[in-house]
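Hi,

Here is the structure I promised to send over. Have a look at it first, and my notes come after.

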Amino acid sequence: MSKALHPLTLSLQCADGRHRALLPRHKVTRAIRHALEAPGEITVRIVDEVEGQALNSEFRGKDYPTNVLTFNYSHEPVVMADLVLCAPIVEAEAKQMRISVADHYMHLLVHGTLHAQGWDHEDDEAEAEAMEARETEIMLGLGLKDPYRSGK
């Protein structure tokens, strides 16, 4: 028996359009909705390395682009967040892991959506393991491979 999916209002922005064809709205919506534990209002923005690095530097104090940044504004009653994915980093990681770029985007959308709801993996190993297990469960539920076992 599958759980009911929560409503989602989605804004999808592609400042870096190189992967636009890999991110059809219905797939982005499906990945995020499977990770939501409450209704959501989410903006997904695909950026280049320059914008990704600028945002990571300004908001996290890390002067390099990263795969996904999550800006969460509210956990309840509605999850409100921006997810920023850096296209060149996503592509390079997918190649290194020997997985499709589309599947890596789906994983990062799930990962970012969990962050938007308060999940964290930075400071607590037990919480990191719980988050990884939840990501794996969601990815398998989407009919995709375990992101932590893919390409290995």
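Below is what I found in it, from the overall picture down to single residues.

First, the ground rules. This is a predicted model, so local features need pLDDT of at least 70 and side-chain atom pairs count only at pLDDT 80 or more, while totals for chains, interfaces and linings use all residues. Residues are numbered from 1 along each chain as its sequence is written, and side-chain values use heavy atoms, with hydrogens and water left out.

On confidence (pLDDT, the predictor's confidence in each residue, from 0 to 100): the chain has a mean of 92, and 96% of its residues reach 70 or more. Helix α5 (residues 125–141) has the lowest confidence, at a mean of 92, and strand β4 (residues 79–86) has the highest, at 98.

**Overall layout**

The chain has 5 helices and 4 strands. Helices (H or I, at least four residues) and strands (E, at least two) are DSSP runs, numbered from the N terminus. Starting at the N terminus, the order is β-α-β-α-β-β-α-α-α. The radius of gyration is 14 Å, close to the 15 Å that the globule rule gives for 152 residues, so the chain is as compact as a globular protein of that length. (That radius is taken over C-alpha atoms, and the rule is 2.2 Å times the number of residues to the power 0.38.) Along the principal axes, the C-alpha atoms fill a box of roughly 40 × 35 × 35 Å.

Of the 152 residues, 43% count as buried. Buried means under 20% relative accessible area, exposed over 50%, and partly exposed in between (1.4 Å probe, protein chains only). Contact means heavy atoms within 4.5 Å; among contacts between residues at least 6 apart in sequence, 62% join residues at least 24 apart.

**Around β4**

Two strands pair if DSSP finds at least two bridges between them. β4 pairs with β2 (40–47) in the parallel sense over 8 bridges, and Thr43 stands opposite Asp82 in β4. With strand β3 (residues 68–74), β4 pairs in the antiparallel sense over 6 bridges; here Asn72 stands opposite Ala81. A hairpin joins β3 to β4 through 4 residues. In β4, 6 of the 8 residues are buried, so the strand is largely enclosed by the rest of the structure.

Pro77 sits in the loop between β3 and β4, and the peptide bond from Glu76 to Pro77 is cis, with omega near 0°.

**Helix α1**

Which residues of helix α1 (residues 25–35) are buried? They are Val28, Ala31, Ile32, His34 and Ala35. Seen down the axis of α1, these fall within an arc of 165°, so they line one face of the helix. The arc is that of the directions from the helix axis to the C-beta atoms. What covers them includes β1 (8–14), β2, β4, α4 (101–116) and α5.

**A few single residues**

Asn67 is in the loop between α2 (49–60) and β3, and counts as buried at 16% relative accessibility. Leaving out residues up to four places away in sequence, Asn67 touches Val84, Leu85, Cys86, Ile89, Val90, Glu93 and Leu108. Asn67 and Ile89 are 22 residues apart in sequence and 5.4 Å apart in space, C-alpha to C-alpha.

Pro147 lies in the segment after α5 and is buried too, with a relative accessible area of 12%. From Pro147 to Met97 it is 50 residues in sequence and 9.5 Å in space, C-alpha to C-alpha.

Arg98 has a phi near 60°, a positive value in a residue other than glycine. Most residues other than glycine have a negative phi, and most peptide bonds are trans. Arg98 is in the loop between α3 (87–97) and α4, and counts as exposed at 70% relative accessibility.

Arg20, in the loop between β1 and α1, counts as partly exposed at 37% relative accessibility. Arg20 touches Leu12 and Cys14, again not counting residues up to four places away in sequence.

Cheers
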